[in-house]
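Please keep the sequence and structure in view while reading.

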Amino acid sequence: MTGLDDAVAGDLRALVSGDLLTPDHPGYDDARAVFNAMIDRRPGLIVQCADRADVALAVAFAREHGLETAVRGGGHSVAGLALTDGGLVIDLRRMNAVTVDPVARTATVGGGATMADLDRACAPHWLATTGGRVSTTGVGGFVLGGGTGWLDRLFGLACDNLVEAEVVTADGEIVRATPNSHPDLFWALHGGGGNFGVVTSLTLRLHPLPESSLALLLWPPEDGPRIVRAARDLLEDAPDTLGGGVIYLTGPAGEDFVPAELAGRLALGVALVHAGGEQSLRELAAPLFDAAPAGAMVAELPYDELQSALDDPPGQRNYWSAEHLDTLPDEAVDAFCAQAAGLIVPSASQHVLFRMGGAVARGPADYPIPWRQAGWVVHPFGLWTDPADDARGRQWAHDVCAAVRPWRTGAVYLNFIGDEGEHRVVAGYGAVGYARLAAVKARYDPTNLFRRNHNVVPA
């Protein structure tokens, strides 16, 4: 920033309760680091907000000075949309408190909380709601984007459990969005992302979860088509309490359940999560246990521990994409398995096929979530450390999507992808949903202040 800008920023610093960081601040580089090491953006200002009043002041300051504005929740922002070059970042990570009402079975969650914050607060009450498949996911972005996770077949998408939200709009007004208060905004927050303001808190519906268990079964990759077909048949007939999918990955080194021949090498895994005990999981998944896995880890875990069992390492280079499939015939299985050969090994990359359906498909059809009815989602999830692998990793993700294109629905879960162009944004909301979102956007953010996202242009 220029000296004049620094002087103006001093006025904001005097008003906010949290910290305001400029590039010369000793904590600036740590504050601008994100999960994806490929992202290296240098904001002019980072406002580490302490409360909703700080957020409102930051929004007003950005609007008054014409600054490009990014909103940072608690999670990944794999596309780097939580940062901006030269503009202002509204950093919510200090606003991560979670309050649980065990009688009403709700949790009120700060806009900067992660799934770990939410799950740990709910654990003493044996309550849970749909979360991401790792504990480092930010609750706000996850819910606003729809929110698919291990237990969505039982509890529905995360946004299906949204009861109300507190939002700071582009004009600095703090509003409460519910089915009866700002109902158009409330609707838009069910899948429309961060297009409509800064969500400073969310209230989510919780569900009893007295037991939960996790299994990770491993085979050599040449067993892929046989095992993926078996997993498909199992999950398509499974009760809603069972979620999971197939994951090609680098066999984890140093784990007792991983055979030496798979450690550090390409392996095929089946990950299963059950809202029930270990014995029940073993019975439901008996066909896979009978298929002679080379390694198996099965554990009955509290949900907060289960959610963190497969956490992804931060600070690696990331590139993700996805395609949703109507069906998964044998030809699609073969196409999926063939793409495992392009996975960067060893790395934290994963070649993923998740089962959907259940309560996801039964959820409200009105929300802008056109991928809700898909039976499966293919998710090339690239993480690596060497910049020399960037082109290879991106190309692999594109090749995976191209390979399964004959069976795709055309819709896509935007939390699973980065910046893939306007046509993919429309595919994420659906043409009808996008048009309706654009009308809501015109009401709450007519100048498109909040555009560092999978952007909806105001109508």
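**Surroundings of a loop residue**

Leaving aside residues up to four places away in sequence, Thr137 touches Gly75, His76, Ala113, Thr114, Met115, Gly132 and Phe142. The model is a predicted one.

**Thr137**

- Thr137 lies in the loop that runs between strand 7 and helix 5.
- With a relative accessible area of 12%, Thr137 counts as buried, because the cut-off for buried is under 20%.

**Helix 4**

- Helix 4 spans residues 115-122, and its buried residues are Met115, Ala116, Leu118, Asp119 and Cys122.
- Viewed down the axis of helix 4, these buried residues fall within an arc of 165 degrees, so they line one face of the helix.
- Strands 5 (98-101), 6 (106-110), 7 (127-128) and 10 (198-205) pack against the buried residues of helix 4, as do helix 5 (139-144) and helix 11 (303-308).
- Met115, one of the buried residues of helix 4, is also among the residues that Thr137 touches.

**Helices 8 and 12**

- Helix 8 (residues 224-237) and helix 12 (residues 330-338) have axes that come within 9 Å and cross at roughly 130 degrees.
- That angle makes helix 8 oblique to helix 12, and their crossing is right-handed.
- Helix 8 contributes Gly224, Pro225, Val228, Arg229 and Arg232 to the contact, while helix 12 contributes Asp330, Val333, Asp334 and Cys337.
- Sorted by class, the contact between helix 8 and helix 12 comprises four nonpolar, one polar and four charged residues.

Note on methods:
Residues are numbered from 1 along each chain as its sequence is written. This is a predicted model: local features need pLDDT of at least 70, side-chain atom pairs count only at pLDDT 80 or more; totals for chains, interfaces and linings use all residues. Side-chain values use heavy atoms; hydrogens and water are left out. Buried means under 20% relative accessible area, exposed over 50%, partly exposed in between (1.4 Å probe, protein chains only). Helices (H or I, at least four residues) and strands (E, at least two) are DSSP runs, numbered from the N terminus. The arc is that of the directions from the helix axis to the C-beta atoms. Contact means heavy atoms within 4.5 Å. Axes are lines fitted to C-alpha atoms, for helices over the stretch in contact, and angles run from 0 to 180 degrees between N-to-C directions. Angles under 35 degrees count as roughly parallel, over 145 as roughly antiparallel, 65 to 115 as roughly perpendicular and the rest as oblique. A crossing is left-handed if the near helix is turned anticlockwise from the far one by less than a right angle, and right-handed if clockwise. Ala, Val, Leu, Ile, Met, Phe, Trp, Tyr, Cys and Pro count as nonpolar, Asp, Glu, Lys and Arg as charged, and the others, Gly among them, as polar.
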